[in-house]
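Let us walk through one structure, piece by piece. Keep the sequence and the 3D view open side by side.

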Amino acid sequence: MREAVRDSRKFIVHKHRARSLHYDLRLESQGVLKSWAVPKGPSLDPGQKRLAVEVEDHPLGYGDFEGVIPEGEYGAGKVIIWDRGSFEVRSEHETFEEMLARGAAKLVLRGEKLRGGFALVRTKWGGGKNNWLLIKEKDDDARPGSEITAEEPLSVVTGRDIDDPPGGKDHD
Ligand code: MN
């Protein structure tokens, strides 16, 4: 029974225009959102290995945040929910936490934009110990040659562009 219920967890990808535009991958683990900053954003092209720099955990509730982080606060800038859904690990005998500790997680994402298998693998590449790579697996959801961040730039919650003024589409 434990096997059946342990699995479905939240994932969120925030699109965040701070000092530079990036995407924040957030994966639920033990009551928090483990977080990685992905400078180029996720890709559905298995040929793309996207750098994902592990950053500090965020509270679960932050997954619902879309808006503006004020000047002077950490991460000041605009944030939209670029994708969200649930994920599971692809293993019968290893938990997500065990995979992270080992530095190699096999995930199945069920978002609106990101779907199917992904690998999140710690790398020495770039020298930092917080560096991981996010790689789409070759499966039916893979789209070689595509750039999902360019094709589908808007919030999945409000339909807003990251540069629309807050609330600007709320009165349509
Ligand atoms: Mn960020």
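In which loop is Gln30 found? Gln30 sits in the loop between β2 and β3. Helices (H or I, at least four residues) and strands (E, at least two) are DSSP runs, numbered from the N terminus. This is a predicted model: local features need pLDDT of at least 70, side-chain atom pairs count only at pLDDT 80 or more, and totals for chains, interfaces and linings use all residues. Residues are numbered from 1 along each chain as its sequence is written, and side-chain values use heavy atoms, with hydrogens and water left out.

Stay with Gln30 for a moment. Its phi is positive, about 50°, although Gln30 is not a glycine. Gln30 counts as exposed because its relative accessible area is 67%. Buried means under 20% relative accessible area, exposed over 50%, and partly exposed in between (1.4 Å probe, protein chains only).

Now turn to the metal. The manganese ion has three kinds of protein donor atom listed here: ND1 of His16, NE2 of His22 and OD of Asp24. They lie 2.1 to 2.3 Å from the ion. Donors are N, O and S atoms within 2.8 Å of the metal (3.2 Å for Na, K and Ca); water is not among the atoms, so sites may look incomplete. Along the chain, the donors follow the spacing H-x5-H-x1-D. His16 and His22 lie nearest its centre, together with Ala18, Tyr74 and Gly75. In total, 18 residues line this pocket. Strands β2 (21–29) and β4 (49–59) are the elements that give two or more residues to the lining. The lining divides into 8 nonpolar, 5 polar and 5 charged residues. Here Ala, Val, Leu, Ile, Met, Phe, Trp, Tyr, Cys and Pro count as nonpolar, Asp, Glu, Lys and Arg as charged, and the others, Gly among them, as polar. The pocket holds about 450 Å³ of space. A pocket is an open set of points on a 1 Å grid over the protein atoms alone, where a 1.4 Å probe fits, with protein on both sides within 12 Å along at least five of seven lines; lining residues have an atom within 4 Å of a point. Its volume is the space filled by probe spheres set on the points, which are joined across faces, edges and corners.

Next comes the largest nonpolar core, with 24 residues. Such a core is a set of buried Ala, Val, Leu, Ile, Met, Phe, Trp, Tyr and Cys residues joined through side-chain atoms within 4.5 Å. Leu27 and Leu114 touch the most other members. Among the elements that each supply at least two residues are β1 (9–17), β6 (77–89), α2 (96–102) and β9 (131–136). Leu114 touches residues including Phe11, Trp82, Leu109 and Ile148, not counting residues up to four places away in sequence. Contact means heavy atoms within 4.5 Å.

Several loops remain. Ser8 is in the loop between α1 (2–5) and β1. Ser8 is exposed because its relative accessible area is 53%. Leaving out residues up to four places away in sequence, Ser8 touches Ser86, Phe87 and Glu88. Ser8 and Glu88 are 80 residues apart along the chain, yet their C-alpha atoms are separated by 5.4 Å.

Asp64 belongs to the loop between β4 and β5 (67–69). At 53% relative accessibility, Asp64 is also exposed. Its contacts, not counting residues up to four places away in sequence, are Ile81 and Arg84. From Asp64 to Arg19, 45 residues apart along the chain, the C-alpha separation is 22 Å.

Thr95 and Leu114 are 19 residues apart in sequence and 21 Å apart in space, C-alpha to C-alpha.

End at Gly103, in the loop between α2 and β7. With a relative accessible area of 5%, Gly103 is buried. Beyond its neighbours within four places in sequence, Gly103 is in contact with Leu120, Val121, Arg122 and Trp132.
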